[in-house]
4 protein chains.
Amino acid sequence: MKLNLNFLSVVLLLFIAFFITYITKSAAQSVQNTRVDMEIPDIDGFITLKCDLHLHTSFSDGVVWPSYRVEEAWMDGLDAISITDHIEYTPHSEYVKIDHNAPYELGIKTALIHNIILIKGTEITKRHPGHFNALFIKDASKIANDDYKIAIEEANRQGAFVILNHPREAVTDNRDWWTEELNALFENGQLHGIEIFNWNDYYPGAFDLALDKNFTILSNTDMHKGSEYYKSHLRLKHRPMTLVFAKERSVQGIKEALDDGRTAGYFKNSVYGKEELVKELFLNSIRIKKAHYSDTGSGNAFVEISNISDIQYTLIPLNQNKKSDPIQLEARESSIISVPMKKAEESITIEYEVENILISSSEKLKINLVFRRD
Amino acid sequence: MKLNLNFLSVVLLLFIAFFITYITKSAAQSVQNTRVDMEIPDIDGFITLKCDLHLHTSFSDGVVWPSYRVEEAWMDGLDAISITDHIEYTPHSEYVKIDHNAPYELGIKTALIHNIILIKGTEITKRHPGHFNALFIKDASKIANDDYKIAIEEANRQGAFVILNHPREAVTDNRDWWTEELNALFENGQLHGIEIFNWNDYYPGAFDLALDKNFTILSNTDMHKGSEYYKSHLRLKHRPMTLVFAKERSVQGIKEALDDGRTAGYFKNSVYGKEELVKELFLNSIRIKKAHYSDTGSGNAFVEISNISDIQYTLIPLNQNKKSDPIQLEARESSIISVPMKKAEESITIEYEVENILISSSEKLKINLVFRRD
Amino acid sequence: MKLNLNFLSVVLLLFIAFFITYITKSAAQSVQNTRVDMEIPDIDGFITLKCDLHLHTSFSDGVVWPSYRVEEAWMDGLDAISITDHIEYTPHSEYVKIDHNAPYELGIKTALIHNIILIKGTEITKRHPGHFNALFIKDASKIANDDYKIAIEEANRQGAFVILNHPREAVTDNRDWWTEELNALFENGQLHGIEIFNWNDYYPGAFDLALDKNFTILSNTDMHKGSEYYKSHLRLKHRPMTLVFAKERSVQGIKEALDDGRTAGYFKNSVYGKEELVKELFLNSIRIKKAHYSDTGSGNAFVEISNISDIQYTLIPLNQNKKSDPIQLEARESSIISVPMKKAEESITIEYEVENILISSSEKLKINLVFRRD
Amino acid sequence: MKLNLNFLSVVLLLFIAFFITYITKSAAQSVQNTRVDMEIPDIDGFITLKCDLHLHTSFSDGVVWPSYRVEEAWMDGLDAISITDHIEYTPHSEYVKIDHNAPYELGIKTALIHNIILIKGTEITKRHPGHFNALFIKDASKIANDDYKIAIEEANRQGAFVILNHPREAVTDNRDWWTEELNALFENGQLHGIEIFNWNDYYPGAFDLALDKNFTILSNTDMHKGSEYYKSHLRLKHRPMTLVFAKERSVQGIKEALDDGRTAGYFKNSVYGKEELVKELFLNSIRIKKAHYSDTGSGNAFVEISNISDIQYTLIPLNQNKKSDPIQLEARESSIISVPMKKAEESITIEYEVENILISSSEKLKINLVFRRD
């Protein structure tokens, strides 16, 4: 019987070993890819899509492969990207065969798996009158041309949405940077949008010009190194992005929204855009819990206000509301605030300025919040 | 004029200094109290309330003041608490005047401000047959009595919901700990619930007995020190709690749910409860995004699955689903998983065991997930 | 034999169950109390002690018990605290017996266990000429007196170090707040230190006065609620503190250092103190790794600079160093920086201003960093 | 004068605007690259270097450029890496020109800037008898050969240190995977090390064989995607690595240490290695603060124990120390533990097993800790 007893022991121990191995291994293998979801609320009638429409890979002067740009986008919580390698600048050409359509071809399968919308694009890179991203193109190689006018014309022929990239001089009110060449492209309907943010730089002059001319604004990273480097280097909590307010989550949905100018820039925890769009974004980000109202005889009432978004907001009461406190609404946190509401009042309305929502280079969003008695 | 210019300079500089001071100070003063919101989904027809119904203060052997127990509850994301100081054990009595109703009186104003539901309670603390929390009482001092039977009778007279606390021996199948005295209280309808978790201890035997006898289960911290100490000491991400599935967010709502047995224990990232309740909690925690389905010819299809809750789930496919991978669903994260779906199939159903949802001490929740083609 | 086999199975399974339980339980019970160590470097000849010398408990208007103030101090990484309950303001006296020596008595045992230096103290709380902390006292009850002069005299008789608390008007250059009464105490040698920071408020005027008069500076929290509330409410990464540069880690060591004025304020990631002390603190916080020097022909050289402390520093090169970059030195991180060093140079010296070290209310620490070729 | 006043205003405002811009911009541009320092203590006589000696780039089947592998290594806190692209497997060859020496050439400049030691390597990739990394080679293209024997011979001729990669079957005691071919290479002195960890897999059989045969052990990631993906996908706090105990921080220092077998594997918060090496690593990781000893009459004494490293340790007291508690030593944290020391004792020695340091596949490190009275 000794044998049998040993046999049982062995069986049991093998089972235990197997069980532990199974559990451990299973858990480890289970993950395909995971991302922290970033909550940016939809606005009425539109889905808010998180986009980065200016990216480079090893096919121009970047250091990652196109498929990995897609995986980074997934990990960073984005909905859509465009890989826009330079046509004219390809420093890796000693080792990498230059094929301007390759980045899209090498990224699309990974995009399908990760449900990332990959928009075919390229960067037309001229010293004068500037760099331009052409998005929604069909064939990047046909766009290659020494003459920028011909290149942009071809892009438009393919149905492209053309963007003026990083207008680096647009940091003051001076509009010398808006050259006749640029204006001609714009007047001809060949130039459709402008970056108000690129890499780590904000162009307030471009923001104001876009508002004046009803130009579509964009905010892109123009990443050349990996996304991890970018976030670590610039110490950013979230990747800068163009918010696109689309009718549907698709390439066509993004195109229609860009054509209609329904975008906002979101970078460094601030939102830049047209008042009617960003006001809704803010209002859909917060919840004022009426149920929570309580009067403790202090002359103040207490209200719970929640920020359901991943954008942190700072609200400063306007001058006429001197007794009110500023409000700091951290991402996905709730705060108890006190409001100067008298005992007999049914509600109180306080006007705030949202410090980190800009509706022009010099104006912050003003908003009325109504606090109601329980 | 030099004077005037200087005067203006001074005025301007003072203004700037004031402005900076104002902004800084305002921002600092703006916050009343902030908490990270903890997302535990509601279930159909009921609001899920996060409760800790066993707490001590300086009025028995705890180290914090009643009002601060309420503030801690707010910071930890709870909806309701009960302060249940020992009637029979008051080691601070050299310094603190013993008044069994004081903890509630000293906590209720802070509770109103923070929208925390404060349930009046006390702990009847007898060596035999055990410790009992009496919740929803009217006057704790009347409950003080050397005879546990009289104390519990008085609590019931006041309409109390009475809980057996920390049945420490209930860690095996052996039910010797369920003494005749306890059974008599239960049969008399004077004992209504039982802790299956207390401080850092889980009592599987209590969980099974509660399921057998249709006893209401509770999971409480029994904190004596501060909440920060508790979380740091036990290295917990979330405070253990009783989940109460209530018809309304009120004292009455909680009472009705406890009476009806609609609770679950949530501690150490695991959920314990009746199958019909916790199954819904799980299903309301996840989103399977059909739109994301994509076939890449690998014989597998890819699906995006999101966990919108703050509970982390681990899913192991059951034996008949050998080709499927386990799924790790981190709190508020999304994962891309591959499922073994053939090209012609419209959908596939996979049965999983949810590793961290227990429907008895030895059974995990089984769940069918249906993945549909886009 | 069936029985025997079953018996063995049961024994083995029980063993396994026991083993798992043992491991789990052991691990859980193993922690007595844990804290993240906060690295603030020592300076030459002195140990840097992290102190909070102004705290309240339930014995005046606070909400925690004295022993828990000590546990909080441990968790927050401090070396020493003083509980300084108000003599004159005891709003909990309906429930808490007022004994001005009780806080120390109720805290000292926990202090011994946690190696926290507990300094006996009290707060003399007068509308005029102000609030004073008396530290290192022998009997707080003897200090109770309606006449502030008598109270402070008695404190001094007991060998106290007396501090002027929160001079709230000391926020400009105007010194009206420094009344004749205060000056008389100072001139008599009865007033020895002054808070330049309290709760969330900084008093630049107090800092400058302390530097002028060789007064000892302090930075304390004046906490009334729990430490968790304090940090959450003010969104602080570290608890404000008085850095005491002591010859030994003891009550006497702290007393001698306070008497000699060897302190600095550390709050909101900035350090305030005498140049000779804080300069050393900075220099002992960083390491410039010579070995890492490398020239890549860019006209710049690359140097690795590490911050071994938990204080984050920002360095701005002074005007004469126009080609140098500012340096951000995160806590316990290393950075690669480029310095404008020519090929033939053996070393380069760059003068920086440390943005977050103040040596008076209007002067930042200036420092020369020498970068040497490998 | 109106003009002048306006002029002054403008000057002042411009100055302010400039100042804010300057500060903001400066701070942003200041960072070259930053990393959190990972603290793994040196051992007596040797520097502990953190190495990942198995990595891929776009030049074989990876998705990042060689220079970015170096930047990732810096960000992850490593000292040294080797890029070991497959000679025989180059799926990107449609776009990337295959040059087996290119990865080193394209990485070395970035390595010099970041003080990362870049070791020239390649992977000889044969179905039988396996995959081999050749490190410290001179010319990878000369190693390309269909016959593995010739390839390995050439690598050795170049002075290579040759490693058997991921022996996937080495997960049990069965040594069938140690084929005659492998043994022949070993006996000929042509095979010098073996991976006991690769990607997410641990090979206990390889660990034991290495201990038996005095083989050098390695633990590498074999990353193909970016480091961010790797850490996110496997939910790792630290990147797995080979710890090399070197006489100097240089290519030569690493070579000498590998030749002498002075390495350990560090992955998933566990350390694997020869007892004499890992024992020192542990002892240099902790500090027992004698000064902190205190007896409170409980029959127990209290000791503060600090973990200065970034490795988390769990200590379980051995059977003869029944009254002692397990100890959890979190990275860079301190704990207060109680030890069963009688009043008359001057010191107590307790033997622990360090749960996460393995000195063979089945043995944990045993260690005596001595606690001394103050």
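Axes here are lines fitted to C-alpha atoms, for helices over the stretch in contact, and angles run from 0 to 180 degrees between N-to-C directions. Helices (H or I, at least four residues) and strands (E, at least two) are DSSP runs, numbered from the N terminus. The model is predicted: local features need pLDDT of at least 70, side-chain atom pairs count only at pLDDT 80 or more, and totals for chains, interfaces and linings use all residues. Residues are numbered from 1 along each chain as its sequence is written.

Entry, helix crossing. I checked helix α7 (residues 227-234) of chain B against helix α8 (residues 227-234) of chain C. Their axes come within 8 Å and cross at roughly 95°. α7(B) and α8(C) are therefore roughly perpendicular (65 to 115 degrees). I then listed the contacts (heavy atoms within 4.5 Å). B:Ser227, B:Glu228 and B:Lys231 meet C:Ser227, C:Glu228 and C:Lys231.

Entry, helix α9 of chain C (residues 251-259). Just after α9(C), C:Gly261 has a positive phi of about 75°.

Entry, strands of chain C. I saw β11 (residues 263-267) run antiparallel to β12, joined by four bridges. C:Phe267 has C:Ser270 as its bridge partner in β12(C). The two strands form a hairpin with two residues between them. In that turn, C:Lys268 has a positive phi of about 50°. I also looked up C:Tyr272, which stands opposite C:Leu358 in β18(C).

Terms used: Chains lettered and ligands numbered in written order. Heavy atoms only, no water. Parallel < 35°, antiparallel > 145°, perpendicular 65-115°, else oblique. Pairing = 2+ DSSP bridges.
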